[in-house]
Amino acid sequence: MSDTVALARKDLLLELRAKETLPAMLLFVLAALTIFHFALPRGTSDVAARGLLWSALVFTALLGLTRAFVAEREQGMFDALVLAPCDRSAIWLGKALSVVAFLAAAEVVALPAFAAFFHGLGGRTIAAVALADIGIAAVGTLFGAMAVAGRARELLLPLLFLPTAIPIVVGGVGGYLWFLALYDAIFAVLAWATFEYVIAEA
Amino acid sequence: MIRGRGLAKRYGDRRVFAGIDVELADGDTLLVTGANGSGKTSLLRILARLALPSAGSLELPARERIGYLGHEPLVYRELTALENLVLFARLYRVERERVGMLLERFGLWEARNERTGTFSRGMQQRLGLCRVLLHEPSLLVLDEPTNALDAHGLELLDAVVEEPRALVVATHDPARFARRATQRLAFT
């Protein structure tokens, strides 16, 4: 566990210094919600507004995930991490924790903005967003690592991530917390079990 | 230490090398030479457990006994020298005191709190050597280790090379390692 914490701390420190990912995520989600606010007619239903919130959150997460492995890709750091004798799932978990932290930071700004632009926020929506963050980070970190290993990495991540994010949007818009929790459990186990093979020859 | 038979590497249809036999005992040094793109780096990555051979059988030490320095120093540019080594010390279960000792040895103690992205390429290479030696590996795999090193850096590298451990080194400067070499492999 200490390896996971050290790796997550490293990612947060890198972002604190570089300031590349989080500002971009904040700007994107605020811009998207502002556009939706002006694009939707007055009197739009709660469900339609929630749908747009979830769309904004999924694409904001995608933006964050495309940056998640930048240091590892550009500086060859996967080699150094893979060589270390720590459990390779610690690399996945550390990265997933940092992704959750970035998503939560973006949502601290996005959710109040959504509440101001649209119909307010219920506790169920906030709980759904928290559960969705776990699933997004679990599956997105795995796909992010796969994209680093692949040739068409800019294409690969959206192609892999967006289809698997559909259940998150379904569960989020419908407020099905049990469904999101089940999604988290299934994909966390799958990602944990397969990450080692993904980075075996990244 | 290393026993490889009939090692081959292919990338798709392109054959990089085939039929390589490697046998290395404790204290042996394998000197790998050859032109750019001849397969030196591919072989070294296989021997460092970073890649799999396309064919052949291979016995290698455990990951924690291998130290690998590639073309990049493999340190985070946004972290300081100290933060980088403390991170890897934790991952390798190495006492933190060893970090300070290595920084001193490689002349980086004064720069320990500077981000490595601001380092010269030679300083980065020296930090890469610190990272590689952190866990006192019994097999050292060095790919073009003389890159960017100044005269003092080369002296420090020579001292590392003289230490008693198995060594695999790919280089365009074979004369520097000739005295220590017990085996040679020339790629064409």
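The legends below describe close-up views of a predicted model.

**View 1. The contact between chain A and chain B.** In this predicted model, 27 residues from chain A meet 25 residues from chain B, and the two chains bury about 2,600 Å² between them, with 59% of that area on carbon and sulfur atoms. Of the area that chain A buries against chain B, 28% is supplied by A:Arg17, A:Gln75 and A:Leu83, which is more than any other three residues supply.

**View 2. Polar and charged pairs across the interface.** Three salt bridges are found across the interface of chain A and chain B, one of them joining A:Asp3 to B:Arg93, whose closest N and O atoms are 2.8 Å apart. Across this interface there are also nine residue pairs in polar contact, with both residues of each pair at pLDDT 80 or more.

**View 3. The side of chain A that touches chain B.** The elements giving two or more residues to this side are α1 (2-18), α4 (70-74) and α5 (77-83) of chain A, and α1(A) gives the most, with nine residues. By residue class, this side of chain A comprises 16 nonpolar, three polar and eight charged residues.

**View 4. The largest pocket.** The largest pocket holds about 360 Å³ of space and has a lining of 21 residues, among which A:Leu14, A:Ala18, A:Glu20, A:Val70 and A:Ala71 lie nearest its centre. Two or more lining residues come from each of α1, α3 (46-68), α4 and α6 (88-117) of chain A, while the lining as a whole divides into eight nonpolar, four polar and nine charged residues.

Notes
Residues numbered from 1 in each chain as written. Chains lettered and ligands numbered in written order. Predicted model: local features only at pLDDT ≥ 70, side-chain atom pairs only at ≥ 80, totals over all residues. Heavy atoms only, no water. Contact = heavy atoms within 4.5 Å. Buried area = accessible area lost by both parts, 1.4 Å probe. Salt bridge = Lys/Arg side-chain N within 4 Å of Asp/Glu carboxyl O. Polar contact = N/O pair within 3.5 Å; in protein donor to acceptor, adjacent residues only side chain to side chain. Helix = DSSP H or I, 4+ residues; strand = E, 2+ residues; numbered from the N terminus. Nonpolar A, V, L, I, M, F, W, Y, C, P; charged D, E, K, R; others polar. 1 Å grid on protein atoms, 1.4 Å probe; cavity = no way out; pocket = protein on both sides within 12 Å on 5 of 7 lines; lining within 4 Å. Points joined across faces, edges and corners; volume = space filled by probe spheres on them.
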